[in-house]
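Trainee: Can we go through this one together? I'd like to start with the chains and then look at how the parts pack.

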Amino acid sequence: MEIEGYNFPEGLYYEKNHFWARVEGDLVVMGMNDYAQLMSGEVVYVALPPIGKKLTQGKSFAKVESGKWLGKIYAVVSGELAEVNEELEENAKLINDDPFGKGWMFKIKPENMDELDNLMTDPEEIREWLNAEIAEHGVAS
Amino acid sequence: MSEPLELSKKYQHMVTQCSRCGFCRAVCPIFDITKNWATNAGGKMVLIKEILDGKIEPSEGIAKSLLCCTTCMNCTTNCPSGVDPPEVIRATRKDMVNLGYDNMFKAMSDVIAKTGNIYGEKEKYDWGHKHERAPYVLFVGCVGTYREEESVEETINLLDILGVKFTMIDEVCCSGVLEDVGYQAHKNLAKHNIDEFHRTGVKAIITTCPYCYRVFKNHPFYNGLNLELQHITQFLAKHDFKVKTDKKVTYHDPCDLGRHAGIYEEPRQIIRKIAPNFVEPERTRENAMCCGAGGGFRGSSPKESITIARTRLRKIMEETGAEILLTECPSCLHNFRNAKLRRWNIEIYNITEFIGKLYKEMDVRKNVAA
Amino acid sequence: MNTMHEFIDIVGEDNFSDKIEDLIPYSYDASINVYRPDALIWPETADQISQIVTIANQKGIPIIPRGAGTSLSGGVLAIEGGIVIDVSKMDTIIEIKIADRYATVQPGVICDNLNKELSKHKFIFPPDPASSSVATIGGNVATNAGGIKGAKYGTTRDYVLGLEVVIPTGEIMRTGAYTMKCVSGYDLPKLFAGSEGTLGIITEVTLKINPIPLHAMTAMATFGRLEDAGHAISETMTKSNLIPSVMEILDKVTLTSIRENTPIELPECEAMILTETDGYTWHEVEAQMMVILEILKKNNPLAIKTAKEEKERMELWEARKTAYATLSRISTGVLDDVTVPISKITDLLTGIQEISQRHGLIIGTYGHAGDGNLHPQILYDSYNPEQVKKMEMVESDLFHLAVSLNGTLTGEHGIGLSKADYMGLEHDKVEIEVMKKIKKALDPNNIMNPGKMALHL
């Protein structure tokens, strides 16, 4: 679905630091959302921490850089880092080109799938949150 | 009203001296990955010559093309005809801006003015470590503070372990990079730093960033400094360290420390004390390949900049088989760390960071043994 | 579809440019000519080149093959506009087969990089043009590049066993062999070598490679009279019963410039000779050098120095290596490469001095005396129209002089554009007609590097 002109595919969970999550078997996949990838410009680097790293929902565990910006990556759920998208090492631009597909960033083995309930799925809730973000950070193009 | 191209005109003779022999191609980090002569020194010399000869009008495209240079001076070192392309390119970048062709660094200039750092980080990082009556002040700069803070922490830690009495100041950007990309450093920011330095009553400045070192040493805005100035490798060259590693270690000469500031020996003196198994890369010292970050290139072409670092890293690994790559420049460090692939086993550190870590390991071993 | 879009479809956006800021550098090479192309393409495969040339041939679009662009004769300039095909991205060493003594490379491989790989096997591709750190094998083959070791080891053409070429009508041709000898059919590799990109674009080269000689010894001698130096060279090349691996000369103008502009210490003299012998055993190398030293001594040298250790040998080489650079720091210049039979070296040197005096332009001369190939470097102020005119007259006199001594306009750099007007001076009408026939047969629409070598059709 489109919210305020940005792509927010249905069936995904949305995190307030501009990440998305979806369930894949017993793992949770995460990536950057459309607004963030447009705001950041072409991503040139994503830190890919070691597999097994302990993550806590809402805490940052890695960094992402575009030409002008350094951003923190926040864990969408608590758990263990299970997989990283190694394609991003030499082609970080996938995050811009296909943020919800080929541009996925991490797969987490969650401690507790229920934590996903802390994320947003309701379009109205997302719209309200997004408008506040746009008010603070501006429109991305 | 200044004459158009007044800065480039000073280099008319030099630009004419270029005989288009192409030797700069063999050593240029950008040409290495693009194979496009326009991205190389020789190509730029003919472009600038045509502009000076009035054969072509300056344009947006030309101004942008001139940003494509890390000012690493590999070309200068290798030029048989005595041309110094980065000097000329810097001058022409300024002329382009004066002609109205602003580039992306105008925004950086505004950001530096507003936030005091090149990244526009609104929350100014405070390193603390403020001491009365210390003989030295440590200045770390923007790249270390906002992009490689762990490395800076280790460096500070090392100085503490060595018992160096130093203080830190409320830093603002040296803003020197603006001079490389067509703009000017900020006088008020220089004044702030100078006032801060003088307020501390120190006798000498130690910097971790070779670029800040160059700016403090050479830029007219810092003429009022009147303090001894050393890069941290110069400061630590005569120190003794109680740690060693038997790992195979190699060293990358940062362009700003090596070719630009002539500091080659001191980093090596330090490394030889702590790493007897030290091996030089093939392209080293005056011929060291650039990491790709300099001259604004990391800002204007970040992807290509990282590709250059990756190429340099790959070659160093192939040539030396080193387990550890050392350097002493936050920009080189950051570019290499961004470029390193997960499957590569090499570890990358600033020299001071690495030594700090060795001390920590030694402490851990002592505690375990105790 | 617009033709440029067709090209972009073939190679991708990243390998195409028609931006002015890219076209301008590519309007230049190391000669003084300037011609702007319409577009630039960096192909990555022979197949891409074939597709591009096929289209260009159909539409009459000039194609200019280019390697590193270090041509000293305008060979890579788009006189009639068109597309420059820069092969620099095709820089893979395809195969090194020591057992069969050949190496196969893509045209964009840099000469020194090939030798770096070959040296791991203790082999070498001997031609060593001064530009070897940047020049490409494709360019070396197209211009039959020479170098300092030419007298003993020959030139690039002597090492070309086989080629893959995209001919002007677009087809890909493979010619030559992987064998040391082959006389099967016309010797097309030898025709294409030195054809300066006018008969096709080279997309693969198979080169004969030699084992690296194990030892070398260098000698440097200075002379008070040019005639003595010239005589020493002649005698060495004809009466010694051996071929030195290096026989270089530097004239007084060059030596004075070096003495006055560099920290290198040089005695006052009229000429300097630099010579080397190489071989498998020290005994052989020294025995050969003894013979040469005897000859040098007989010709009134001012001083002779010899060296066997690498470091000392490099010191003797310093002056020769810095000649071009030092002269070009004094002023812009034009570098020529007139070549005469060995016995005429002295006449050529004195003739050049006389031309210099007549026109009032400084000419520093140095080069491969051992194969009669000298490099007069004509210094002049390119912004002064009078000096430009003088330079042109000097060149004309130079070419006339070389031909009058039974020589050729160019030993290594090629005719390109710079010497095209003088082709008639050296070549007879029948020969030029035959060249034109060959050109027309392969390139009926005259799209392949048109306007070069005076083969205007």
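This is a predicted model: local features need pLDDT of at least 70, side-chain atom pairs count only at pLDDT 80 or more; totals for chains, interfaces and linings use all residues.

Trainee: Fine. Which pair of chains shares the most contacts?

Mentor: Two pairs of chains are in contact, and chains B and C share the most contacts.

Trainee: How many residues does each chain put into that contact?

Mentor: Chain C gives 26 residues and chain B gives 24 residues. On the chain C side, helix H2 (20–23) and helix H11 (310–330) each supply at least two residues. H11(C) has the largest share of that side, with four residues.

Trainee: And what is the chain C side made of, by class?

Mentor: The side of chain C that touches chain B has 11 nonpolar, eight polar and seven charged residues.

Trainee: What about chain B against chain A, how many residues are in contact there?

Mentor: Nine residues of chain B are in contact with nine residues of chain A. Helix H17 (residues 302–320) of chain B gives the most to the chain B side, namely three residues. By class, that side of chain B has four nonpolar, two polar and three charged residues.

Trainee: That leaves chain A and chain C. How far apart are their closest C-alpha atoms?

Mentor: They lie 16 Å apart, and no contact joins chain A and chain C.

Trainee: Switching to single chains. How many helices and strands are in chain A?

Mentor: Chain A has four helices and 11 strands. Its C-alpha atoms fill a box of roughly 35 × 35 × 20 Å along the principal axes. The radius of gyration of chain A is 14 Å, which agrees with the value near 14 Å that a compact globule of 141 residues would have.

Trainee: Which domains does the assignment give for chain B?

Mentor: The assignment gives domain 1 (6–98), domain 2 (136–236) and domain 3 (249–369). The C-alpha centres of domain 1 and domain 2 of chain B lie 30 Å apart. Their contact takes seven residues from domain 1 of chain B and four residues from domain 2 of chain B. The domain 1 side of that contact divides into three nonpolar, one polar and three charged residues.

Trainee: And which domains does chain C get?

Mentor: Chain C is assigned domain 1 (3–88), domain 2 (90–211), domain 3 (213–326) and domain 4 (331–414).

Trainee: Take domain 1 and domain 4 of chain C. How many residues of each are in contact?

Mentor: Five residues of domain 1 of chain C are in contact with four residues of domain 4 of chain C. The domain 1 side has two nonpolar, three polar and no charged residues. The centres of these two domains, taken over C-alpha atoms, are separated by 31 Å.

Trainee: Now helix packing in chain C. At what angle do H12(C) and H13(C) pack?

Mentor: Helix H12 (residues 345–359) and helix H13 (residues 385–404) of chain C pack at about 155°, with their axes 10 Å apart. That angle makes H12(C) roughly antiparallel to H13(C). The crossing of H12(C) past H13(C) is right-handed.

Trainee: Which residues meet there?

Mentor: From H12(C), C:Leu348, C:Ile352 and C:Ile355 are among them, and from H13(C) the set includes C:Met393, C:Val394, C:Leu398 and C:Leu401. The contact of H12(C) with H13(C) divides into eight nonpolar, two polar and two charged residues.

Conventions. Residues are numbered from 1 along each chain as its sequence is written. Chains are lettered from A and ligands numbered from 1 in the order in which they are written. Ala, Val, Leu, Ile, Met, Phe, Trp, Tyr, Cys and Pro count as nonpolar, Asp, Glu, Lys and Arg as charged, and the others, Gly among them, as polar. Axes are lines fitted to C-alpha atoms, for helices over the stretch in contact, and angles run from 0 to 180 degrees between N-to-C directions. Angles under 35 degrees count as roughly parallel, over 145 as roughly antiparallel, 65 to 115 as roughly perpendicular and the rest as oblique. A crossing is left-handed if the near helix is turned anticlockwise from the far one by less than a right angle, and right-handed if clockwise. Domain bounds come from an automatic or database domain assignment. The radius of gyration is taken over C-alpha atoms; the globule rule is 2.2 Å times the number of residues to the power 0.38.
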